[in-house]
Amino acid sequence: MARKSKSDMSELYLEENKDQIYENALAEIQSFELPLGTTLRSVYDDQPNAHQRFMEKLDACIRNHDREIEKMCNFHHQGFVDAITELLKVRADAEKLKVQVTDTNRRLQDAGKEVIAQTEEIIRCRIQQQNITTVVEKLQLCLPVLEMYSKLKEQMNVKRYYSALKTMEQLENLYLPRVSQYRFCQIMIENLPKLREEIKEISMSDLKDFLESIRKHSDKIGETAMKQAQQQKTFSTTLQKQNNVNYGRNMHLGKSRIWESKNEITLKRTFEEEDEHEEEVLTAQDLVDFSPVYRCLHIYSVLGDGEIFENYYRKQRRKQARLVLQPQSSMHETVEGYRRYFSQIVGFFVVEDHILHVTQGLVTRTYTDELWNMALSKIIAVLRTHSSYCSDPDLVLELKNLIVVFADTLQGYGFPVNRLFDLLFEIRDQYNETLLKKWSGLFRDIFEADNYSPIPVANEEEYKIVISKFPFQDPELDKQCFPKKLPMSQSVPQIYIQVKEFIYASLKFSESLHRSSTEIDDMLRKSTNLLLTRTLSSCLQNLIKKPHIGLTELVQIIINTTHLEQACKYLEDFITNITSISQVTVHTARLYGLSTFKDARHGAEGEIYTKLNQKIDEFIQIADYNWTMSESDGRASGYLMDLINFLRSTFQVFTHLPGKVAQTACMSACQHLSTSLMQMLLDTELKQISMGAIQQFNLDVIQCELFASSEPVPGFQGDTLQLAFIDLRQLLDLFMVWDWSTYLADYGQSTSKYLRVNPSTALTLLEK
């Protein structure tokens with residue numbers, strides 16, 4: 001047999017495998033154990049005619065099953081026929097039996113109806129009894145739940161929310177789990193979260209009402225706290241003074257024991273009065289009902305939302321803090337505005353301090369310190385701004401007192417207040433500025449009301465009144481009889497009194513600043529120096545420059561400044577007596593009144609020189625020379641004699657001035673007169689001068705020389721005053737004698753008769 005090719009073998013192998021696949025598929029279809037989709041997909045592959053071949057296999061399989069069924073039916077057909085025949089035979093017997101059974105059943109039913117009825121009644125009773133027992137058991141189990149729920153409702157009605165939460169907790173953990181299968185329990189379980197939310201809302205509403213209430217009444221709380229702090233401070237000061245008195249018991253033993261017993265009685269009465277006062281007066285915390293805070297805190301803590309409540313409380317209080325710290329625009333106009341502002345802040349922090357100490361963790365020290373530091377920065381900024389608008393020193397002083405009470409109050413509650421006392425030093429400068437402005441007006445009023453005349457005293461009583469106001473000592477004046485005059489004018493004692501009043505006013509601000517006596521002494525001296533060197537000095541300078549102040553007034557001003565300068569040492573003693581700090585202390589400042597009054601005096605002296613020269617110029621301007629006259633009048637000009645008489649009377653007033661001042665004024669006047677006369681001769685508008693005019697002019701110069709030689713002001717040595725006219729005298733002598741040969745021969749020599757005659761001046765006059 002010929003060997004088949006490899007391709008034929010492969011086809012044969014594939015055909016055999018396909019037949020096997022079809023047979024497996026048919027077996028799986030008959031078994032119904034696997035999904036048909038998987039089986040059919042395995043049949044329908046990519047081979048052509050796969051469907052047709054599978055259907056052929058399927059038809060062959062069906063035909064085989066049909067033949068087997070037919071064989072089975074043929075085999076059992078005879079037995080089936082025999083069975084039918086048997087059934088037909090027993091049908092008649094079966095009907096008889098049915099009739100008998102039906103009759104028997106009817107008789108049994110009739111006989112058992114009464115038993116059934118009794119049995120059902122017994123069953124029903126037993127069921128009722130069992131139900132009653134079950135109901136009693138369940139009711140006994142449910143009664144505590146209902147009682148607790150009723151108790152919960154009652155607690156809600158009387159607003160005992162914290163107890164209600166505890167009751168809810170017992171219901172949930174202990175009672176409701178026992179009867180959770182009942183519908184009413186499910187309703188309760190569903191209502192409990194709602195009740196919790198209701199409690200939270202109610203407690204939060206109460207808290208909001210509480211926050212609104214303390215926001216409205218924080219000023220009342222703060223006012224009460226500040227009053228109590230003031231009372232405590234006053235009591236401590238009184239107690240300290242009494243202790244100091246007791247401490248000084250070192251002499252007169254018997255008397256000191258009596259004094260000690262008296263002090264003990266006084267202290268005992270003081271303490272008793274204080275105790276009675278404390279019983280009558282409520283504290284700042286007593287004015288506030290903090291129960292809403294405690295209740296809300298407890299409720300939120302029980303509900304596990306304590307942190308939410310803390311955050312909410314702190315957030316709301318921060319908002320209220322910002323509102324409290326916001327000042328009114330017109331706060332600086334009245335002290336009540338500041339008082340209300342401080343009271344609100346104190347009330348706010350009194351509440352926070354109480355919450356800090358009576359609650360656990362609602363607020364912390366870190367939180368209150370942070371809030372206080374924020375508030376302190378705002379307070380300082382507000383006070384700096386508004387205090388700068390205060391122009392009334394009394395208002396600034398009241399503001400200072402309020403700040404001190406405010407700081408002492410909060411310091412008593414544990415808040416640091418050093419920055420407030422540092423601010424007071426800034427406000428002290430503002431206070432001093434307002435004082436300086438006020439005293440500047442007082443000084444101006446005093447100077448305007450002064451008559452610039454010596455103070456007349458008619459008798460010893462009037463003299464003592466003046467001496468009591470101003471420390472004046474003059475042994476020579478004391479020897480004189482009444483009536484007499486004090487050298488200074490009325491403004492001097494008034495100025496001295498006002499300076500002392502200024503020191504008192506400045507001292508008022510330094511009180512209660514927790515500063516040593518040395519620091520207070522230094523502050524008083526510095527502020528007094530400012531008053532003297534700036535305010536009083538400025539007023540004096542302005543006074544000197546006023547046009548209505550004449551020579552007489554200027555002379556009196558010089559005398560006044562001299563006495564005020566001498567009184568500066570008494571002002572230093574006055575400050576020393578107040579502060580008990582000796583002037584020999586190294587760091588003690590000195591008053592600068594000496595330089596102030598010296599400067600004022602120098603200014604007045606310069607103004608005297610200026611006004612004298614102006615007056616001389618006024619007389620010179622009315623001079624009316626006939627420069628072309630042939631002969632002189634034989635007497636001095638009228639204007640010049642009036643001028644000399646004016647100078648004589650003026651220099652008589654200068655007798656009260658220091659000698660050098662009067663001498664300098666006199667020398668300055670003579671020099672200015674000489675210069676003015678020289679300028680009159682050399683005036684460029686004057687084109688021609690006759691010898692008669694020269695002679696008349698010479699007569700006027702002679703009167704000037706006679707005035708200088710009459711010593712209008714004592715103290716000049718020799719002919720010092722006459723030298724003011726030496727240039728004019730030599731020039732006139734040259735023209736009167738017409739001694740040009742001598743002038744030309746001796747020119748330039750120190751022994752020249754006409755040494756002070758300038759050639760250009762002589763030539764100019766010669767041309768005229």
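Helices here are DSSP runs of H or I with at least four residues, and strands are runs of E with at least two, numbered from the N terminus. On that basis, Lys159 falls in the loop between α3 (50–157) and α4 (161–175). The model is predicted. Its chain has 25 helices and two strands. Of the 768 residues in the chain, 39% are buried. Among contacts between residues at least 6 apart in sequence, 79% join residues at least 24 apart.

**Helix α12 and its partners**

- Helix α10 (residues 365–387) and helix α12 (residues 418–449) have axes that come within 11 Å and cross at roughly 5°. Angles under 35 degrees count as roughly parallel, so α10 is roughly parallel to α12.
- On the α10 side, this contact is made by Asn373, Leu376, Ser377, Ile379, Ile380, Leu383, Arg384 and Ser387. On the α12 side, the residues are Arg419, Leu420, Leu423, Glu426, Ile427 and Gln430.
- Sorted by class, the contact of α10 with α12 contains seven nonpolar, four polar and three charged residues.
- Helix α12 also packs with helix α15 (residues 491–510), at an angle of about 165° and with the axes 10 Å apart. Angles over 145 degrees count as roughly antiparallel, so α12 is roughly antiparallel to α15.
- The α12 and α15 crossing is right-handed.
- In this second contact, α12 supplies Leu424, Ile427, Arg428, Tyr431, Asn432, Leu435, Leu436, Trp439, Leu442, Phe443, Ile446 and Phe447. Residues of α15 that meet them are Ser491, Gln494, Ile495, Gln498, Val499, Glu501, Phe502, Ala505, Ser506 and Phe509.
- The class count for α12 with α15 is 15 nonpolar, five polar and two charged residues.
- Ile427 of α12 takes part in the contact with α10 and also in the contact with α15.

**Nonpolar cores**

- The largest nonpolar core has 172 residues. Those that touch the most other members are Phe342, Ile379, Phe406, Ile608, Leu612, Leu677 and Phe697.
- Ile379, one of these residues, is also part of the α10 contact with α12.
- Leu612, another of them, touches Leu551, Phe646, Leu647, Thr650, Phe651, Phe654, Ala665 and Ala669, leaving out residues up to four places away in sequence.
- A second, separate core consists of 20 residues, including Leu152, Tyr161, Leu165 and Met188.

**Buried residues in helices**

- Thr650 is in helix α20 (residues 638–653). Its relative accessibility is 7%, so Thr650 counts as buried.
- With neighbours within four places in sequence set aside, Thr650 is in contact with Leu551 and Leu612.
- Ile544 belongs to helix α16 (residues 517–545). This residue is buried, with a relative accessible area of 0%.
- Ile544 touches Leu554, Ile557, Ala600, Gly603, Ala604 and Glu607, again without residues up to four places away in sequence.
- Of these, Leu554 is 10 residues from Ile544 in sequence, and the two C-alpha atoms are 7.0 Å apart.
- Ile221 lies in helix α5 (residues 183–247). At 3% relative accessibility, Ile221 is likewise buried.
- Ile221 and Val346 are 125 residues apart along the chain, and their C-alpha atoms are separated by 7.5 Å.

**Backbone features in loops**

- The peptide bond that joins Phe482 and Pro483 is cis, with omega about -5°. Pro483 is located in the loop between α14 (475–479) and β2 (484–486).
- Lys159 is not a glycine, yet has a positive phi of about 65°. With a relative accessible area of 55%, Lys159 is exposed; the cut-off for that class is over 50%.
- Glu711, also not a glycine, has a positive phi of about 55°. The loop that holds Glu711 runs between α22 (691–709) and α23 (726–737).
- Glu711 is partly exposed, because its relative accessible area is 42%.

Methods:
Residues numbered from 1 in each chain as written. Predicted model: local features only at pLDDT ≥ 70, side-chain atom pairs only at ≥ 80, totals over all residues. Heavy atoms only, no water. Axes fitted to C-alpha atoms, helices over the stretch in contact; angles between N-to-C directions. Parallel < 35°, antiparallel > 145°, perpendicular 65-115°, else oblique. Contact = heavy atoms within 4.5 Å. Nonpolar A, V, L, I, M, F, W, Y, C, P; charged D, E, K, R; others polar. Core = buried A, V, L, I, M, F, W, Y, C linked by side-chain atoms within 4.5 Å. Buried < 20%, exposed > 50% of the residue type's maximum accessible area, 1.4 Å probe, protein only. Left-handed = near helix turned anticlockwise from the far one by under 90°.
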